[in-house]
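Thanks for coming, everyone. I would like to walk you slowly through one structure today, so please have a look at it before I go on.

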Amino acid sequence: MMRPGAMRAFMVKEIRHILRDRQTLTILLLLPLAMVVLFGYALRSDVKDVRIAFVDPMPDDATGAIRNRFAGSARFQVVDVVPTVAAVEPLFRRGAADVALVFEPDLAGRLSRGSPAQLLLIGDVSDPNTGTTIQAYASAILADYQRDLSTARSGMRIEMRTRMRYNPTLESVNLFVPGLIALVLTLVSALMTAISLSKEKERGTLEVLLVSPLRPWQIILGKVLPYLLLAFVNVVTALLAAWAVFQVPFRGSLALLLVASMLYSMVSLALGVLVAAITTSQRAAMIGAMAGTMLPNELLSGMIFPIASLPDWLQWVTIVIPARWYIVISRGIMLKGAGIEHLWSEMLVLVAMLAGFLLLAVRSFSSRLD
Amino acid sequence: MGSPSTAPSSVDSPLIVDGLGKRFGDVQALDDVSIEVQPAELFGLVGPDGGGKTTLFRILTTLLIPDSGSATVLGLDVVRDMWEIRARVGYMPGQFSLYPDLSVEENLGFFASVFGTSIEEGRSIIAPIYEQIEPFRDRRAGALSGGMKQKLALSCALVHRPDILFLDEPTTGVDAVSRREFWDLLHSLKESGLTIVVSTPYMDEADRCDRVALMQHGRILATDRPAAIGALFPHPLFGVRGHDRVALIRTLREAPHSASVFPFGGELHYSDTRTDMDPSQIASEVRQLLHAKGMEDAEVRSIEPGIEDTFMSLMGTASSTVPA
Amino acid sequence: MSNAIEVQELTRKFGSFTAVNAITFTVGSGEVFGFLGANGAGKTTAIRMLTGLLAPTSGEAQVAGFDVFTQAEEVKRKIGYMSQRFSLYGDLTVRENIALYGGIYGLDDGEIRERSEAMLGHLGLRDSGDDLVASLPLGWKQKLAFSVALVHQPAVVFLDEPTGGVDPVTRRQFWEMIYAAAADGTTVFVTTHYMDEAEYCDRVSIMVDGRIGAMGTPAELKAEFKVGTLDELFVRLARPAGNATVAGGGG
């Protein structure tokens, strides 16, 4: 039985709830602004298995020795050796390499002549933590090599310069904005729907709604759509704040980012409904939404801690964290200007998650009380 | 436990409950419950909290599935015909389920839309009720008094012109004036042809129903007209007055033919095991006994048992009671 | 001390609204006093003043010999309170609840232990002392709540709609407990919406629009107003006093 009027009435009612609770609404509207401003910098973190490529235009003893040292390190994993800087580009684009170390031609000759040798570390690093950490490890390996050389010959010097391809100044805020948007969307979508739905349960109004001809999916949709609207406003606010306060660059398609954000919001909304459906009190729903969505989205999404720095088993866990995929997408769009052709697989993961959680939510949201 | 005068069975009965059972864990919430309600009848389910009234309502409104037995509402099966029933019943759950942050009018408008109708379409049926609260239509439901909330909740349950109305403890927490007005409203709704099933924990409200079923521990103790329920009381009953109630109670409990002694408002109700003896003779014997024990102001008179007396006698020594 | 509660011209205003308008009455020691009134008639405000939760605008009131305005803390120590909605913690056991309230009113561990056992024995709850209160049947909860309200042997106990929803037999047992407490000298102050419950009281007052509209024994009132039940009297007093359907400010 389709009742478009009933659905519309439901949404109007839900919007009224949102508008009437002025305090919560104010907090929700100011939240993205406050978060963008408050989150200034990131936490240090550990990195391993950095995929490194070498640009070795003229292989000799010296470049061979350095490559071996990298290959022998637990931190690095050598993926390729190419002759030109141009040849590294496809590796980065495919996501096959994280950093590239560029040797000068005739490195061994320069070292033996005692002239200063320069190495360049290029990173495909949108994440400043990872960038600085990788840089530190690479420097340590080179310093080791240099010390060994110096015992044989004095006066040898290797200088390393670093160039980060994306996010060249390594500004934390650039990196954090996508993560913050994810956090705000989780809060508005998952937490607020979970609370609002469980409120109806506690108040007994859900009992009346269930006895009405409304179907569970209509109740869920009516609950969810107004929050989607609020989520949209939040994304725009966060972007505006990031752009106005920190001049965060925006390289890609705004439309694509908004679509991805709404997709992510819907996943969170479905999660919120799921949490509310399986809990019996407002308090349990709130804690459930916090523990089930907020925390993992914050800690296991790569927003604060690079996924690469997590233990193996936890890295596997991150696969089911929606924010992980959303952050890859939003960082890709905002910081690299990536298009749908590079991000379709992550988008697909979100679509699959949406379908899965929605199915679970509708199923656990019984049209009866037991 | 059946009742001596169940209303005649009819295929047109808007509500037929047959041997309904429902268990939650260790608790038998409903145990072989059978009732039949006639068209345009005001039918009461009377009993204390935890007696199974809410569970029964939830099964009849298709919110719960019974473990055993069957029930039809408006000829529709409560399990199989869930969606047809939902479109045609009005239901007011135990707590007034209103949105406190929405106004009177917004609440009513919302519940009307949920059922695919509008306040205007439903106006003729809700008018007598809604007119009383309409002056406050812009006030938020959370700021209404108990009596007004109750009327708004009733309007919300009626606005889609249901064919049968289920009201679960609609008068709990509402003052005596509002309660009386509420029962008057139910009577006028019944006069217009609506079938109403209403529950209450208050025995004195049973008199306002056409027929009542007394419920306790998930079982129906009796079903009958309120006036006929008193006749089920098995013993002669007496009202006893005196200023020292504690002494009266103790003395009457120790009396040789005492069946039961309960405080009852300003007096005590004493029942005597001698069913074949003239009540006035019992009364004078009891009076003499009390006077002899020093309660000179004690008055004893023979009285007709009411619903509450019958309820207590049918409860017997039910398990929820503690020896005093 | 003959009167447990003495109230003279007690008044409370909220802005321009007079919730309680110069009420005067006394309640004797060991009396069961019913305090009735429609929603919004001023009952709640009056009780809050008597229990020291709200200061009067003018007038005087003594409860258990102490002035509710100047000696609110002494008053609180001498009164007990039980509400149908909230009294005991469902997620604590019976013994834990008794110990909590005993502790709040300054009983020592020995007294708490002694009174807990006496109370459990009296209520027939000895085997359920370590059960969660939430798992008890409603009737037991109510009787336990009443006993707990008496644990510190208060001079006056305030009961807010004490027997709502319980079965009729348990209700009678509850009233027998009230009578027993009154016979021991405890003053019992009952508020209720249910007039048949009011019939159990020694004396009742009915508040109408902030004033006391009627006061006396149930029999006296029925005779005076020529009505058959207190319910009729209540409706007659409350209805002309303004539509009881309209919300009152602050109760």
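Among contacts in chain B between residues at least 6 apart in sequence, what percentage join residues at least 24 apart? In this model, which is a predicted one, the figure is 70%.

Let me stay with chain B for a moment, where ten helices and 14 strands are found, and where the C-alpha trace spans about 70 × 45 × 35 Å along its principal axes. Of the 324 residues in chain B, 52% are buried.

One helix that I would like you to find is α6 of chain B, residues 176–191, whose 16 residues should span 22 Å at 1.5 Å a residue, and since its end C-alpha atoms are 23 Å apart, the two figures agree. The buried residues of α6(B) include A176(B), R179(B), F182(B), L186(B) and L189(B), and what covers the buried residues of this helix includes β3, α5 and β8 of chain B, together with α7 and α9 of chain C. Just after α6(B), you will see G193(B), which takes a positive phi of about 105 degrees.

That brings us to the contact between the two chains, in which 41 residues of chain C meet 39 residues of chain B. On the chain C side, the elements that give two or more residues are α5, α6, α7, α8 and α9 of chain C, and α6(C) gives the most, with ten residues. Sorted by class, that side of chain C has 23 nonpolar, eleven polar and seven charged residues.

Definitions and conventions
Residues numbered from 1 in each chain as written. Chains lettered and ligands numbered in written order. Predicted model: local features only at pLDDT ≥ 70, side-chain atom pairs only at ≥ 80, totals over all residues. Contact = placed C-beta atoms within 7 Å. Helix = DSSP H or I, 4+ residues; strand = E, 2+ residues; numbered from the N terminus. Nonpolar A, V, L, I, M, F, W, Y, C, P; charged D, E, K, R; others polar. Expected span 1.5 Å × (residues − 1). Buried ≥ 20, exposed ≤ 12 C-beta atoms within 10 Å, placed from the backbone.
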